[in-house]
Amino acid sequence: MNRAIIFALVIINSSCFAQSTNNAKTLALARGLSQTLADEVLTPELATGRSLFKIKCGMCHGAGNTGTLMLARRMALDEALLANRKNNLPAVYVTSIVRNGIAAMPAFTRVEITNAELQQVARYLARNSDS
Amino acid sequence: MSPTLPPKLSAKQFDVALAAFAKVVGSEWVFSSEQDRHAYGDPYEIGERSAHAPSAAVAPANVEEVQAIVRLANVHHTPLWPITRGKNMGYGGAAPRMAGSVVLDLGRMKRIIEVDPKTGYCLIEPGVGFFDLHDYLRTNNIPLWMSVPGNAWGSVMGNALEHGNGTMGDHSANLCGMEVVLPEGELLRTGMGAMRGNKTWSLWKYGFGPSWDQTFMQSNFGVVTKAAMWLMPEPPASMRLSMNVPNADDIGWLVDVLTPLRIGGVIDQSFGIGSYGRVALTSQRSEWFEGKGKMPDEVVRRIVEQFGGWWNFSIRLYGHESVIEAKAAVIEAAFAAHTKQRFTISRWKRGEPYEQSGAGIPGVGPLHIVNWHGGRGGHIGYSPILPANGALAVKQLHKTLERFAQFDLDYYGTYYINGRTVQNINLILFNRDDPQMVKNVRGLFAALIEDAKKDGYAEYRTHIDYMDAVADTFDFNNHIQRRFNEKVKDAIDPNGIIAPGKSGIWPRNYRTRK
């Protein structure tokens with residue numbers, strides 16, 4: 001099973017609160033974002049970036065996962081799911097956020113994601129954005 | 001900004017040390033830019049980051065490189081702070097206890113060397129994360145299950161070495177045999193591994209004579225480069241029994257009812273009884289309360305109502321269907337004496353969807369708690385170990401609630417049912433950009449340490465800021481444990497290279513930095 005899908009199921013299924021609450025907003029968010037990423041046809045380079053994104057970032061920024069949930073509180077669902085964002089995600093912004101961290105997201109070291117890997121992820125995320 | 005250098009080292013000497021490290025690992029694996037140093041800092045620092053600022057980081061690829069770096073560190077008087085993956089969130093992340101230390105990042109060492117489905121273990125390197133191991137087991141259809149912590153971003157080995165817990169209890173209890181680079185660069189294998197070619201290194205925890213594994217947990221006596229971790233063979237069936245319990249004081253009877261079940265083996269796994277504070281897992285404080293300071297009682301009442309109770313927990317049973325059904329009946333009977341509530345029960349049998357099985361599936365959902373206040377959040381935990389006694393648990397709860405109220409912070413506690421003890425994990429969530437809140441967090445933490453000491457309790461693990469304070473509470477016979485640790489440290493690490501200050505253990509050359 002795809003890692004991103006597993007993570008989405010985990011946060012929805014394993015959170016005691018999510019199971020017991022009547023907090024409609026939270027449940028709607030979690031369920032609304034648990035859709036899988038579109039199987040978009042990509043160039044080999046972008047496909048590598050997508051694969052790296054799922055491995056390195058998917059645990060938080062996959063559909064329905066915690067980073068996506070945090071972003072969804074501040075923006076539209078499509079914008080919150082980074083892989084589906086249609087604009088405003090230039091590569092230079094991605095690399096800066098990954099290396100410096102932002103809000104609740106910690107900075108990533110060059111062991112966690114090398115510069116070369118980060119460039120591939122950034123190019124993938126930026127594919128729909130103006131440079 | 002110029003780096004905080006290792007104590008007593010000039011910039012020139014430091015550059016010479018880094019150049020020597022680069023010759024071992026390659027210059028691309030020595031990190032000394034400001035951005036690198038930032039990335040190895042504490043992501044949830046409580047106040048000043050400079051107190052734990054690393055000077056640089058170096059990332060070896062294998063044990064030989066670790067040995068070479070450690071030997072060079074001795075030559076160049078460069079203290080090293082070993083990390084596995086640096087995700088010790090809430091305890092300092094990757095940041096060193098002593099500012100100026102060079103982070104020894106073992107994240108590149110991520111080989112899963114051996115997995116034996118029959119005897120149920122894996123032999124792994126420090127950089128193997130929970131996701132890595134889980135993927136490996138699933139991809140290769142290996143019928144072994146792993147225990148995962150709430151935040152499973154980190155290293156399997158690193159978490160166990162820090163006495164972490166997970167879905168199946170105490171991770172350090174599942175470690176069996178280690179390979180360790182000693183502070184002067186020699187390689188030790190513990191337990192049966194001390195015999196060349198021994199076939200039971202990963203199966204039998206002891207060796208002949210003293211067993212050293214504990215010596216390398218939460219310590220600075222060596223760098224663990226391999227360890228075996230026991231895993232659970234996939235059971236034929238599992239069951240989850242969940243319950244919400246309405247009142248704060250119910251924690252008393254819960255502890256008293258569950259303890260004999262846990263000690264007696266009816267319940268095999270340790271598990272947490274979480275308070276309504278778990279609301280932070282999926283929501284933000286502003287959804288409940290917009291004001292400043294701790295949430296008022298009426299807001300807490302509303303959360304408890306929606307949460308379904310003050311407390312919430314799930315017990316997992318694993319094994320043969322007939323056995324777990326019988327165990328469930330025993331548990332239900334024990335609860336019937338105290339409550340009319342019934343467990344919500346879900347069952348799983350082999351062959352049914354894996355996601356419903358109760359296997360440890362890694363995730364990082366609980367990191368959402370740092371978003372409680374919004375902005376740049378953080379958390380630390382104060383977690384004393386208590387005797388498994390309901391009256392003491394209630395007393396502890398009220399005392400802790402009073403302290404959280406005194407320091408104007410929202411309560412988020414969990415009582416972890418271990419058997420003979422209860423681990424009282426108190427998560428303190430804060431906004432790093434609110435100086436008053438940070439000050440209150442510090443006040444609360446200090447008060448909790450003091451309270452626990454008076455009651456005869458101590459923490460099982462702590463943040464780098466509080467290692468000295470917690471170590472100080474271990475004061476039997478004029479702090480003989482610390483004096484003994486220091487003697488050992490000075491004997492095996494005369495240059496004070498490995499993790500100065502870790503767990504309050506300072507080598508002679510840095511002891512004044514306490």
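Student: Is the crossing of α8(A) and α9(A) left-handed or right-handed?

Tutor: Keep in mind that this is a predicted model. The crossing of α8(A) and α9(A) is right-handed. As for the helices themselves, α8 covers residues 91-100 of chain A and α9 covers residues 115-125 of chain A, and their axes come within 8 Å, crossing at roughly 130 degrees. That angle makes α8(A) oblique to α9(A), because anything over 145 degrees would count as roughly antiparallel and 65 to 115 as roughly perpendicular.

Now for who touches whom. On the α8(A) side you have A:Ala91, A:Val94, A:Thr95, A:Val98 and A:Arg99, and they meet A:Asn115, A:Leu118, A:Gln119, A:Ala122 and A:Leu125 of α9(A). Sorted by class, that contact has 6 nonpolar, 3 polar and 1 charged residues. The charged class takes in Arg, so A:Arg99, on the α8(A) side, is the charged residue in that tally.

For another local picture, hop over to chain B. B:Ser314 sits in strand β16, which spans residues 311-319 of chain B. With a relative accessible area of 17%, B:Ser314 counts as buried, because the cut-off is under 20%. Its side chain makes a polar contact of 2.8 Å with the side chain of B:Ser242, and another of 3.4 Å with the side chain of B:Arg240. Setting aside neighbours within four places in sequence, B:Ser314 is in contact with B:Leu241 and B:Phe271 as well as B:Arg240 and B:Ser242.

Definitions and conventions:
Residues numbered from 1 in each chain as written. Chains lettered and ligands numbered in written order. Predicted model: local features only at pLDDT ≥ 70, side-chain atom pairs only at ≥ 80, totals over all residues. Heavy atoms only, no water. Helix = DSSP H or I, 4+ residues; strand = E, 2+ residues; numbered from the N terminus. Buried < 20%, exposed > 50% of the residue type's maximum accessible area, 1.4 Å probe, protein only. Polar contact = N/O pair within 3.5 Å; in protein donor to acceptor, adjacent residues only side chain to side chain. Contact = heavy atoms within 4.5 Å. Axes fitted to C-alpha atoms, helices over the stretch in contact; angles between N-to-C directions. Parallel < 35°, antiparallel > 145°, perpendicular 65-115°, else oblique. Left-handed = near helix turned anticlockwise from the far one by under 90°.
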